[in-house]
Amino acid sequence: MAIHAGAPILIQRFKVAEIFFYLLEHYSGIQQCPDAVTLARRLAYQGFEETDVRAAIAWVELLRQPLNIEVLHAVEADSHRIYHSAERLHVGDENLLYLNSLVHSGSISNAQSERILERCMLLPSTPQQLEYFKALVLTILWADNQSIEETLLQTMLGDDDFGACH
């Protein structure tokens with residue numbers, strides 16, 4: 001299935017949390033995910049709407065594309081990441097503050113944060129609502145085969161975020 005420019009914008013409209021949890025429960029990482037056609041059939045069979053399935057498939061296919069990020073030097077423990085104006089505009093200050101809080105709490109590493117930021121910058125637009133950004137972060141960690149600790153999951157998907165999606 002081809003990715004078209006408008007597909008990632010649909011991330012805001014499809015049931016991000018429900019589809020993410022389906023993927024998380026059924027596939028340990030993106031490599032275990034079937035091809036786009038098979039995954040689309042499985043999601044449709046599970047009762048997800050066609051537009052939601054298309055958006056999810058477009059996002060999974062985008063996540064399948066590898067990133068070539070090199071870490072040039074280690075980050076000092078007391079250093080602070082300064083975001084470029086393009087990053088701030090594209091990802092949003094609230095989302096970047098949340099990403100920083102995950103790093104400073106030890107929930108994710110600096111390298112994971114950079115991968116998340118790079119993935120977000122590939123999208124035509126990043127969801128500005130924090131609840132959607134959290135789901136975006138989780139799917140990026142999942143796609144990069146990063147371990148998602150139960151405490152991180154609880155932190156990101158607290159009682160107020162997605163309700164009883166799971």
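Q: A polar contact is a pair of N or O atoms within 3.5 Å; within protein, one must be able to donate a hydrogen and the other to accept it, and residues adjacent in sequence count only if both atoms are side-chain atoms. With which residue does the side chain of W59 make such a contact?
A: A word on the ground rules: this is a predicted model, where local features need pLDDT of at least 70, side-chain atom pairs count only at pLDDT 80 or more, and totals for chains, interfaces and linings use all residues. Side-chain values use heavy atoms, with hydrogens and water left out, and residues are numbered from 1 along each chain as its sequence is written. On those terms, the W59 side chain makes a polar contact of 2.9 Å, and the partner is the side chain of T139.

Q: How many helices does the protein have?
A: Helices (H or I, at least four residues) and strands (E, at least two) are DSSP runs, numbered from the N terminus. Reading from that end, the elements run α-α-α-α-α-α-α-α. There are zero strands, and the number of helices is eight.

Q: Is W59 buried or exposed?
A: Buried means under 20% relative accessible area, exposed means over 50%, and partly exposed is in between (1.4 Å probe, protein chains only). W59 sits in helix α3. Its relative accessible area is 5%, so W59 is buried.

Q: How far apart in space are W59 and L136, C-alpha to C-alpha?
A: L136 is one of the buried residues of α7, whereas W59 belongs to α3. In sequence the two are 77 residues apart, yet their C-alpha distance is 9.6 Å.

Q: How many of the 14 residues of α7 are buried?
A: This helix is mostly covered. Among its buried residues are Y132, F133, K134 and W142.

Q: What span do the end C-alpha atoms of α7 show?
A: The expected span of a helix is 1.5 Å times one less than its number of residues. For the 14 residues of α7 that rule gives 20 Å, and the model agrees, with its end C-alpha atoms apart by 20 Å.

Q: Where do the buried residues of α6 lie around its axis?
A: The buried residues in α6 are Q112, S113, I116, L117, R119 and C120. They cover an arc (that of the directions from the helix axis to the C-beta atoms) of only 160 degrees, which puts them on the same side of α6.

Q: Against which helices do the buried residues of α6 pack?
A: Contact means heavy atoms within 4.5 Å. By that cut-off, the buried residues of α6 pack against α3, α4, α5 (93-104) and α7.

Q: How many salt bridges does the count come to?
A: A salt bridge is a side-chain nitrogen of Lys or Arg within 4 Å of a carboxyl oxygen of Asp or Glu. One of them pairs E87 with R81, with closest N and O atoms 3.1 Å apart. By this rule the count is seven.

Q: How many residues apart in the chain are E114 and R81?
A: E114 forms a salt bridge with R81 at a closest N–O distance of 2.7 Å. The pair links distant parts of the chain, with E114 in helix α6 (residues 110-122) and R81 in the loop between α3 (50-64) and α4 (85-91), a separation in residues of 33.

Q: Which parts does the salt bridge between R119 and D144 tie together?
A: The closest N and O atoms of R119 and D144 are 3.4 Å apart. R119 lies in α6 and D144 in a loop, so the bridge ties together parts 25 residues apart in sequence: helix α6 and the loop between α7 (130-143) and α8 (150-156).

Q: Which residues do salt bridges with shared partners join into one network?
A: R119 is buried at 4%, and D144 is buried at 18%. The network formed through shared partners joins R81, E87 and E114.

Q: How many disulfides does the structure hold?
A: A disulfide is a pair of cysteine sulfur atoms within 2.5 Å. C33 is buried at 7% relative accessibility, and C120 is buried at 1%. The disulfide count is zero.
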